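My notes follow in the order I looked things up.

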Amino acid sequence: MSNKACRGYTLIRAFGITSLAILILAGLAGAAPFAYVTSPGIDTGTVFVIDTATDNLTDVVPVGGWPRDVVVNPVGTKVYVATPSPVSTTVSVIDTATNTVSSRVDAGSYPMGVAVNPAGTKVYVTDRDSTNISIINTATNTLMEPINVGLITRNVAFTPDGEKIYVTNSFNNTTSVIDAITNKITATIPVGDSPYEVAVSPNGNKVYVTNSGSNTVSVIDTAIDNVTATVHVGDSPSDIAISPYGKKVYVANSHSNNVSVIDTTTNNVTATVPVGKQPMGIAITPDGKKAYVANAESGNVSVIDTATNKVTATVNAGKYTINYPTKVAIGPLTNSDMTDQSIRATPSSTEDMGVEETNLSSSEKINDIKLNNSNNNNSESDNDNGSNENESRKNNSAPGFGLLGSLTCLYVGWKFRKK
């Protein structure tokens, strides 16, 4: 082979390999995240797993206790679930690669809210029966020195830079601000009646607190740590979710059976979305296209299209988790474990379903999941939109496939011709 031909072969071979690598990475980047929904269930506490690409239930993870809050670590490898009960004071740790409980950490007398710091190194747990916030070292799953707030706290959230912590104090209608470095309280902010949940905007400039007793949301400016606006929403607001770009806040109103949508620029409610009975938890996908609402009394999860503010699908929890879905957490858009889980979640075999990883019998679990998926109650007016969206997601799962695929084919064809 001449030097010129050799150089050409080497160049095209390298280009082909690079194209294939980019194609693989593009496929990984297109993997949709999973939603993790807590539920006390009938016999045991569970977390059920929803594929956000198809809105199908793909797994059920027994965790025990009465699971309350749930959070996914920044890289999507672990899910932390507060699982209190009369005999349990633990936080359960789920490995997302296998959807099994890999560890349990005794975090206090009655763990309620959980939050993970942006670095993923610590999990903070509020306690219904004490004034301490427990801190879990995620590397060792052991407890560190707790933070004594002096008040019984309900929920906890971090600013994106990890420097400040905001916790709600339901019994004295305040929100405490904690320096994450010193673990000292730097401010105590009066909010509404019975503050419940707290969420921080993606840029860290605003904090939103639901006040379940006054049917309002307090908006806190983090630069001055004062309430700058109060937004009236539905009856007994419980959870808050903020869109990835911070333009909208979605509030689950547990006694109104709906979700309020707040424009963060004007602090006005721009839409009210009917969902199931007693919505308790809400979370938004990383791309901002969908909001998932846990409806405790209905025993299901409503899926809201954020572009239209309409429910496009209803995911049934199944007989093992019926009646009490309480909270939702959604993993990040891209990570290696999610890719493995996307493959494993395809219901092509009992091994893929992870049946042997739970206490449920194989036949029971498969039938339960199939029944749930066949009974997803898409509203008639939104059936076409839902199916088109799912088809679009399938087609877009590997961005740039046409170009890269063509380049790869050219490379293979050239190599074959040379032979």
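In which loop is Asn141 found? I traced the chain and found Asn141 in the loop between strand 10 (132–137) and strand 11 (142–143). I am working with a predicted model, so every entry here is read from that prediction.

I checked the backbone of Asn141 next. Its phi is near 55 degrees, a positive value in a residue other than glycine.

Is Asn141 buried, partly exposed or exposed? I looked up a relative accessible area of 23% for Asn141. Buried would need a value under 20% and exposed one over 50%, so Asn141 counts as partly exposed.

I then turned to Asn257. Asn257 has a positive phi of about 60 degrees, although it is not a glycine. I placed Asn257 in the loop between strand 22 (248–253) and strand 23 (258–263). Its relative accessibility is 30%, and Asn257 counts as partly exposed.

What is its strand order? I read the order 3-2-1-29 for this open sheet of four strands, with antiparallel pairing. Strand 3 (56–62) and strand 29 (328–330) are the edge strands, and each pairs on one side only. Neighbouring strands of the sheet are turned by 25 degrees against each other on average, direction ignored.

Strand 1 (residues 34–39) and strand 2 (residues 46–51) run antiparallel and are joined by six bridges. I marked Tyr36, which stands opposite Val49 in strand 2.

How values were computed:
Residues are numbered from 1 along each chain as its sequence is written. This is a predicted model: local features need pLDDT of at least 70, side-chain atom pairs count only at pLDDT 80 or more; totals for chains, interfaces and linings use all residues. Side-chain values use heavy atoms; hydrogens and water are left out. Two strands pair if DSSP finds at least two bridges between them. Helices (H or I, at least four residues) and strands (E, at least two) are DSSP runs, numbered from the N terminus. Axes are lines fitted to C-alpha atoms, for helices over the stretch in contact, and angles run from 0 to 180 degrees between N-to-C directions. Buried means under 20% relative accessible area, exposed over 50%, partly exposed in between (1.4 Å probe, protein chains only).
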